[in-house]
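Reader: I'd like to learn how to read strands and surface patches in a model. Can you walk me through one?

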Amino acid sequence: MRKWIVLLVLAMGSALAVGNFSVAGSAGYAGSVFGGVEASWDCILFQPKKGALRPTLDLGYGAGGFQAAFAMRHMFDVAEGVKVGGGVGVRYQGGVQAYLRGDVEYDLADLANLPLFVGGDLGYAYGFAGAPSAVVAQFKAGYRF
């Protein structure tokens, strides 16, 4: 049943997505060996008046094995090219975890004349039913379509 709910949420987010889709390679979760990939997209579902509500999907492989997270982030423009925000969601690594994270992104579009960005996030994953709890961090560099 959980798999169907996750697939439904992903399908709704994709169907209601608009304009801004970004893909980033991450320098890894804390303790990661190979890092991972994050995809995020702007969503018009429950769009706030300021900022951007952005579903994100993180996939990676690290010292703890396969890692995946789905979170809803809300980003605010705080300076020219700088966005700061936070999000909540679910994460999987050895079991289901509740996920809370803070994000920072900097657009390199003006410097590089390409839709590139760099950023990072720091979060905490609380494990349920024997799943481990962990502090999760990653550095991101990516391309915004």
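Reader: Which strands form a hairpin with three residues between them?

Author: Strands here are DSSP runs of E, at least two residues long, just as helices are H or I runs of at least four, numbered from the N terminus. In this predicted model, β5 and β6 make the hairpin, and G94 in its turn has a positive phi of about 75°. One caveat: local features need pLDDT of at least 70 and side-chain atom pairs 80 or more, while totals for chains, interfaces and linings use all residues. Residues count from 1 along each chain as its sequence is written, and side-chain values use heavy atoms, leaving out hydrogens and water.

Reader: How many bridges pair β5 with β6?

Author: Two strands pair if DSSP finds at least two bridges between them. β5 (residues 82–92) and β6 (residues 96–107) are antiparallel, with eleven bridges; Y92 sits opposite V96. β6 also runs antiparallel to β7 (residues 116–127), again through eleven bridges, and there D107 faces F117.

Reader: And which element gives the largest share of the nonpolar patch?

Author: A patch takes residues with over 30% relative accessible area and no salt bridge, joining nonpolar side chains (Val, Leu, Ile, Met, Phe, Trp, Tyr) within 5 Å and like charges within 9 Å. A salt bridge puts a Lys or Arg side-chain nitrogen within 4 Å of an Asp or Glu carboxyl oxygen. Areas are Shrake-Rupley, 1.4 Å probe, and for residues only the protein chains shown count as cover. This patch, including L59, Y92 and V96, has about 1,100 Å² of accessible area together. β7 gives the largest share, three residues.
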